[in-house]
Amino acid sequence: MVTELVKSENSYQAAFRSLRATVAWLDLVRNSAMDRFEHLGFPSVREEDWKYTNFSTLAKEEFVPVTSGSTEAREIESYPETAETHLVVVDGFLREDLSTTTGLGDVVAIDLFSAVEDARYNKIVRKYLARNAGYHNNGLTALNTAFLQSGVFLWIPKNVKLERPLQITFFAEGGANFPRLLVVAEENSSATLIESFVSSNGGKYFTNATAEIVVKDGAQLEHYRVQRESNGAYHVSSTSAELGRSSRYDTTSINLGAQLSRHDVSVVMDHEGAETAVDGLYMVGSDQHTDTHSVIDHKQPHCTSRQLYKGILDGNGRAVFNGKVFVREGAQKTDAQQTNKNLLLSDKARVDTKPQLEIYADDVKCAHGAAVGQIDPEELFYLEARGIDPELGRNLLTYGFAEEVIGKIKIDSIRSQLDEFVLRQLVSTDYADFTD
Amino acid sequence: MLEIKNLRAGIEGREILKGINLTVNKGEIHAIMGPNGSGKSTLAKVLAGHPQYEVLGGEVIYEGRNLLEMPPDERAREGVFMAFQYPIEVPGVSNAQFLRLAYNEKRKHLGEEELDPLEFKDLLKERAKVVEMDASFMTRSVNENFSGGEKKRNEILQMAVLEPKLAVLDETDSGLDIDALRIVANGVNQLFTPANAIIVVTHYQRLLNYIVPHFVHVLADGRIAREGGKELALELEAKGYDWIKTVDKGAGAPAN
C-alpha cells in the first residue's frame, strides 16, 4: 500500500539517491529494498502485526537519513567487562577510532560495508546478509536495507571461544539512522554479545536497526540487548536468528527508552537439537509505548525454546507483546514454553498481550501463558507487617518482579545497571538499600 | 504491654470478634485456642493491622499507645510481629535482601545505625542458627519454592532478626511435621525473654507441649469462652471443643 509519505519525493528518497555505489550485488539489494519501501511504506494500524502500535506520526516526521559518518570525538563508555572489546557505532556508522578491539583475539569485528569488499569475508557476507531479515514484506526492514552504508560484521571463526563479552554501542544523535549488524558464529564457536542503544540528547530521532544472526552447528551465542534511547526517540529494530544443529542461542532484550519502540525478534530452528531462550523486560512510563513481536519457529525435532517476557508499566504507558511459537509438522519432541507477565503500576497503563502457540506435530511438550496484574495487596501487607512502609514495599515488589529477568543476566555490570535503573524509576528509593 | 479492651472486629461487614478482653504482660506466653471460625486468626490479623479487617469497636493499647491507630508497618517497627499462617512468597527478592531492608527500617525508626550488607550477613548467620537454617536459604527468594515447614521456619527467622517485643504466632504449627514443629518451637523458646511476650494462636494442643504457655484463652464465637493455665489446653485436648460449646450453653460465656 502506498502511504501518503511516499506519494511524492521524500527525505528518504532524496537521501537514497545520494548513497555511494558499492559492489553490484549489494547495489541490487539496496535498490530492490528501496523499491519495497516505496511500495510498502511505513506500517499501518490496519495491518494485523501493527494493530496496537501506531507509527503514523513517524511517517509524518520526515527525519533526514544520516548518509555520512561523523568524525567528532566523543567519550562513549563501555561496561568494565568490555573495556577491550567495545565497538562504537554512531548514527549507524562504525567508528573505528572510538572502538577498542584489542581483546577480540581471533574474532573479526569490522565495518560491514567494507567486509563486502574484502575478499576474506565477502562470500560469507553475501551468503548471509538480508537472508534472515527479509525486507519483502516489511517496510521498515526494507528501509534499513536500502540504507546499508556501514554497520558491523562480527565473525567468530570455527572453534573459537571469545572469553570476554563483546559490546556494540549504537549511539544516536539525530535524523534517521540505520544500524545494521551481521553475526556469523561458525561451528562450535562461542561468544557473548551486548548491543546497547543509547543517545546523549533527549531529542527526537529515528533509529531503525536490523540484526541478523547465524549460529552454526554446535555454536553458542549469548546475546543481550539494552535499549535506552532518548525519551523522544522512535526505535524500531529487528533481531533475526537462525540456529544450527545442537547450537544454543540465548537472548535477553531490555527495552527501557524511546517514546515509541518496536522490537521484532525471530529465532528459526531448522536443525535438530537447537536450544534457545528468548527473554525480555520492558519498562515504560508515561507517554511511552513499546511493542515486542516475537516468533520462535520449531522446524525440526528435538529443539527446545524458553521464553519469559516481563513488562512493568507506569503512568499512561502502553505495551504490546505478541509472541508466536510455531511447531512445524515433523518437529517431534519439541519442548517449548512461553510466558508473558505484566505488572501495571497505574490504572492508566495498558498492555495488549497475545501469546500464540501453533502446533502441527503430535509428540511435543508446549505451554504458554500471559498475565496482567497489579501489586498484590497480600504481598504488600506481608512487607508492611515486617516494618517496610507501603511505598518502599511497592518498590521492592516491582524490583522483585523485574528481577526474574534481570537476575538471569550473567554480566554483573549490566545487572547492576538495570537494578539501578529499575529502582531509579521507582519513587524515593535508596538504591543502596537493595544491594546484596 | 498489651491491653485489649472489648475489641470487636470483622471482615466484609460480618462481625467475627464480638468483644475480646485480654491483657498480656512482659515475660508471658499466652495461647489463644478455639475451634475453626471462632475468631482466633482474626484476632492475630487485627493486631497486625491487616487492611481487610475492620475494627468495629473497643481498643487495643500497646506500650501505652493506641495500636489501632498505627499503620501496619509502624506497628512492626514498634515491635509487633505476626508470624503468618500462610507466609507470602516474594519472588525476585532474596531472603537476605528482604531481612536487611526490614531490619534497617526498624533501626532507622529507632534512631540506630543501619547495618551494611557485610555486617548484616554476620548477624543473619548468627540468628539463622535459632531455626537451624543454612546459608542457602539466604540467597533464595523469600519463601519461593519453600516447603511448608521451611516457610514457617523462615517466619521464626524473621522474628529472630527483628526481635519483636510482642510476637503473635498465627497457627505456626499448621502443616508442620513433628521435626519441623520441634525446630520451630525450639526457635520460639530461644527467642522468648522476660522482656518480651508471645501470643500463640493454635487449634491444637500439640504445639503447647513445646511452647508452654502461662495462660490459655479459649475462643468460641468471637468471645473468650474460657481461660486458665496450661492444663486447660490438655483438658480441651481430652474433651474437644464441643465441651466449650456445651459449657457456653449451660453457663453462658464468662463475664468479659
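**Entry: backbone angles in chain B**

I read phi for B:Glu132 and found a value near 50°, which is positive in a residue other than glycine. Most residues other than glycine have a negative phi, and that made me look at the surroundings. B:Glu132 is partly exposed, because 15 other C-beta atoms lie within 10 Å, and a residue would need 20 or more to be called buried.

I then turned to B:Asp221, which also is not a glycine and has a positive phi of about 50°. I located B:Asp221 in the loop between strand 11 (215-220) and strand 12 (223-228) of chain B. With 17 other C-beta atoms within 10 Å, B:Asp221 is partly exposed.

**Entry: helix 3 of chain B**

I followed helix 3 of chain B through residues 95-109, which makes 15 residues, and found that its first and last C-alpha atoms are 21 Å apart, close to the 21 Å expected at 1.5 Å a residue. Is this helix mostly covered or mostly open? I found it mostly covered, since 11 of its 15 residues are buried. Among the buried residues of helix 3 of chain B I listed B:Phe98, B:Leu99 and B:Leu101, but also B:Arg100, B:Glu105 and B:Lys106. Just after this helix, I came upon B:Gly111, which takes a positive phi of about 75°.

**Entry: the two domains of chain A**

I recorded that chain A is divided into domain 1 (1-271) and domain 2 (287-374), and that their centres, taken over C-alpha atoms, are separated by 24 Å. Where they meet, 17 residues of domain 1 of chain A are in contact with 17 residues of domain 2 of chain A. On the domain 1 side, the largest share comes from strand 13 (residues 260-269) of chain A, with 10 residues. When I sorted that side by class, I had six nonpolar, seven polar and four charged residues.

**Entry: where chain A meets chain B**

How many residues of chain A are in contact with chain B? I noted 25 residues of chain A in contact with 24 residues of chain B. Helix 7 (377-384) and helix 8 (390-406) of chain A each supply at least two residues of the chain A side, and helix 8 gives the most, with nine residues. By class, this side of chain A has 12 nonpolar, four polar and nine charged residues.

**Entry: the nonpolar core**

I looked next at the largest nonpolar core, which has 201 residues, and wrote down A:Val89, A:Val152, B:Val168 and B:Val218 as those with the most contacts inside it. Helix 8 of chain A provides the largest share of this core, eight residues, while domain 1 and domain 2 of chain A each give at least three. Around A:Val152, leaving out residues up to four places away in sequence, I found contacts that include A:Leu87, A:Val89, A:Ala109 and A:Ile168.

**Entry: confidence in chain A**

Over residues 427-432 of chain A, however, pLDDT stays under 50, and the model has seven contacts beyond four places in sequence for them. Where pLDDT is low, the predicted coordinates should not be read in detail, so I took no further reading there.

Conventions:
Residues are numbered from 1 along each chain as its sequence is written. Chains are lettered from A and ligands numbered from 1 in the order in which they are written. This is a predicted model: local features need pLDDT of at least 70, side-chain atom pairs count only at pLDDT 80 or more; totals for chains, interfaces and linings use all residues. Two residues are in contact if their C-beta atoms, placed from the backbone, lie within 7 Å. Helices (H or I, at least four residues) and strands (E, at least two) are DSSP runs, numbered from the N terminus. Ala, Val, Leu, Ile, Met, Phe, Trp, Tyr, Cys and Pro count as nonpolar, Asp, Glu, Lys and Arg as charged, and the others, Gly among them, as polar. A nonpolar core is a set of buried Ala, Val, Leu, Ile, Met, Phe, Trp, Tyr and Cys residues joined through C-beta atoms within 7 Å. A residue is buried if 20 or more other C-beta atoms lie within 10 Å of its own, exposed if 12 or fewer, and partly exposed in between; C-beta atoms are placed from the backbone. Domain bounds come from an automatic or database domain assignment. The expected span of a helix is 1.5 Å times one less than its number of residues. pLDDT is the predictor's confidence in each residue, from 0 to 100.
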